[in-house]
Amino acid sequence: MSETASETASTTPITTIANLAQHEGQSVTLQGWLYNLRESGKLLFPIFRDGSGTIQGIVPKAAVSAEVFERIKTLTQESSVIVRGKVRADKRAPGGFELDVEDLQVVHRVPEDVAYPISLKEHGVDFLMEHRHLWIRTPRQSAILRIRAEIMRAAQEHFDTHGFTRTDPPILTPAACEGTSTLFPVDYFGDEAYLTQSGQLYIESTAMALGKVYSFGPTFRAEKSKTRRHLTEFWMIEPEIAFADLDDLMTLAEEFLSHIVQRVLVNRSAELKVIGRDTAKLESIRPPFPRVTYDEAAKMLEEAFKQGKIEQKFEYGNDFGSPDETYISSQFDRPVMVHRYPANIKAFYMEPDPANAELALCVDVLAPEGYGEIIGGSQRIASYDLLKHRIEEHGLPLAPFQWYLDLRRYGSVPHAGFGMGIERAVAWICGLDHVRETIPFARTLNRIYP
Ligand code: 4AD
Ligand code: MG
């Protein structure tokens with residue numbers, strides 16, 4: 001590095017764009033990349049980004065040496081740089097500040113012949129996904145990733161401050177949790193194992209050891225669906241509570257989701273602004289959430305069909321399709337908790353409703369604005385005999401479930417839990433039309449690159 005660069009570093013504080021308010025009127029050093037460059041007569045307007053934000057620099061020809069002016073003028077998009085400049089408040093600037101550039105050192109100049117593929121014009125989504133490793137550098141994508149991180153933090157924080165212990169289930173498993181049609185098989189030293197679809201079965205056992213637990217990690221579904229809500233690899237956070245019933249679970253779900261949304265509103269307001277999210281729709285997310293039974297939801301759909309508000313007739317007994325979920329959720333200004341679905345369309349481990357054994361004590365939380373199911377959960381079967389019967393009924397082998405049956409052999413208790421897919425929550429909170437932008441590198445039916 002040249003002498004000027006080390007001088008720069010030693011004479012001015014190195015800071016980040018997010019922290020510029022603390023340095024108003026001072027000269028600072030920023031380390032980042034050239035996001036864009038405009039030129040107007042004898043003025044250059046480079047826009048820098050450093051991961052914490054973006055800022056526009058101003059370079060009048062007379063203010064810097066001829067050499068520095070030329071260096072900036074010929075700078076290529078996404079070249080990495082160390083910039084020294086004076087922080088000036090400007091009400092019109094998106095971040096509130098501009099930088100009067102005094103000096104700039106190039107760390108790595110992007111050569112013209114490999115020009116940065118993502119220009120500031122519109123690109124198709126396939127092209128952008130193919131260049132996802134670079135696309136995440138744009139302000140909108142990095143804002144989404146910061147909101148994602150906040151959602152993950154707030155989700156853990158809620159459980160950590162409510163007496164839950166995080167216990168991590170295995171990712172390689174010998175048995176199916178959520179049906180056998182979406183398993184990813186793995187060759188486990190000659191035996192067939194699977195990537196986990198959910199940590200639930202394991203955290204049911206840690207709940208019997210620790211009372212209130214949660215797990216948080218990647219989960220896998222060999223989903224053949226090509227929808228805007230499905231990934232083959234996604235992150236799920238799952239609480240599980242001993243001595244809890246369905247009502248306790250719904251209360252936890254509404255408090256948990258409200259906490260997350262309120263945290264994002266407070267801590268990520270700048271990012272919500274960058275992505276243009278209508279935050280009025282998030283302000284109302286506070287308990288209590290409406291609770292409707294499957295039967296009531298089915299009647300709503302029947303009525304809506306009669307009035308021509310939905311195109312497809314809903315058949316009682318089926319699971320809700322995505323247009324059905326959209327219609328149901330559109331009737332409320334906060335997430336709606338639909339409980340007591342027919343047992344035969346739900347997972348094998350769900351406790352039947354004592355009032356009607358055809359129904360399962362389960363809940364799906366449907367997000368507002370048509371985002372569909374973001375949480376799925378239930379009370380679990382406590383009886384050994386019934387659980388064994390259900391495993392057999394679902395055509396599952398008993399051997400890999402013996403340990404799971406042990407939980408009903410030794411001090412079985414009523415217990416309940418749910419799972420929330422982080423990406424679905426991010427899509428809703430950010431108001432995105434597809435989950436592919438909610439995770440750094442989406443894995444879908446037709447994408448495993450980059
Ligand atoms: O409803 P699911 O399948 O429930 C379970 O896995 C339970 N074992 C969880 C539990 O009770 N501990 O999945 C839970 C959530 C869904 O509501 C959704 O948010 C997300 O996981 N999810 C997916 N997200 C993205 N892509 C997929 N293919 C998803 N499948 C489920
Ligand atoms: Mg579900």
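Which polar backbone atom is 3.4 Å from an oxygen atom of ligand 1? I looked it up: the atom belongs to Gly 376.

The model is predicted, with local features needing pLDDT of at least 70 and side-chain atom pairs pLDDT 80 or more, while totals for chains, interfaces and linings use all residues. Residues are numbered from 1 along each chain as written, chains are lettered from A and ligands numbered from 1 in written order, and side-chain values use heavy atoms, without hydrogens and water.

**Ligand 1**

I stayed with polar contacts (pairs of N or O atoms within 3.5 Å). A polar side-chain atom of Arg 380 is 2.9 Å from a ligand oxygen. A ligand nitrogen lies 3.4 Å from a side-chain N or O atom of Glu 223. I then listed the surroundings: 23 residues, each with a heavy atom within 4 Å of the ligand. Glu 178, Gln 200, Glu 238, Glu 373 and Ile 374 are the closest.

**Helices α6 and α13**

I turned to α6 (residues 200–210), which holds Gln 200. Helices here are DSSP runs (H or I, at least four residues), numbered from the N terminus. The axes, lines fitted to C-alpha atoms over the stretch in contact, of α6 and α13 (residues 402–409) are 10 Å apart, at about 35°. Gln 200, Leu 201, Tyr 202, Glu 204, Ser 205 and Met 208 meet Trp 403, Tyr 404, Leu 407 and Arg 408; contact means heavy atoms within 4.5 Å.

**Helices α5 and α14**

I found the axes of α5 (residues 139–160) and α14 (residues 422–430) within 10 Å, crossing at roughly 120°.

Key:
Axes are lines fitted to C-alpha atoms, for helices over the stretch in contact, and angles run from 0 to 180 degrees between N-to-C directions. Helices (H or I, at least four residues) and strands (E, at least two) are DSSP runs, numbered from the N terminus. A polar contact is a pair of N or O atoms within 3.5 Å; within protein, one must be able to donate a hydrogen and the other to accept it, and residues adjacent in sequence count only if both atoms are side-chain atoms.
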